[in-house]
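Reader: I would like a close look at one part of this model, with the charged side chains in mind. Please keep it plain.

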Amino acid sequence: MWSDEFETGTVDETGWSFEEGYKRNNELQYYTKDNAWMEDGCLGLEARKESKVPGFAYTSASVTSPAQK
């Protein structure tokens, strides 16, 4: 059994893996760690309409859990 209470202030990358870049399905988003945060014991992932990365109109965040590895 595994759990994470998100109380450390940063994502524990020994348990979670960030996806970064353009990944799949002709999505319009580019994944970046900048769009993930922890607050009040919760993990937040946010999509943003921004042209931060050339060729992409959106950025987002994506993480995989140990069960997905």
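Predicted model: local features only at pLDDT ≥ 70, side-chain atom pairs only at ≥ 80, totals over all residues.

Author: The side chain of D34 meets that of K52 in a salt bridge, at 2.8 Å from N to O. D34 lies in the loop between β2 and β3, and K52 in the loop between β5 and β6, so this pair ties together parts that are 18 residues apart in sequence. K52 is partly exposed as well, with a relative accessible area of 48%.

The whole structure holds 3 salt bridges. Another of them joins K33 and E13, at 3.2 Å from N to O. K33 lies in the loop between β2 and β3, while E13 sits in the segment before β1 (17-19), so the parts tied together here are 20 residues apart in sequence. K33 is partly exposed at 33% relative accessibility, and E13 is partly exposed at 45%.

R48 and E46 also form a salt bridge, at 2.8 Å from N to O. R48 has a relative accessible area of 25% and is partly exposed; E46, at 33%, is partly exposed too.

β5 and β6 (residues 58-60) pair in the antiparallel sense over 2 bridges. The open sheet has 3 strands in the order β2-β6-β5, with mixed pairing. Its edge strands are β2 (29-31) and β5 (48-49), each of which pairs on one side only.

Definitions and conventions
Residues numbered from 1 in each chain as written. Heavy atoms only, no water. Pairing = 2+ DSSP bridges. Helix = DSSP H or I, 4+ residues; strand = E, 2+ residues; numbered from the N terminus. Salt bridge = Lys/Arg side-chain N within 4 Å of Asp/Glu carboxyl O. Buried < 20%, exposed > 50% of the residue type's maximum accessible area, 1.4 Å probe, protein only.
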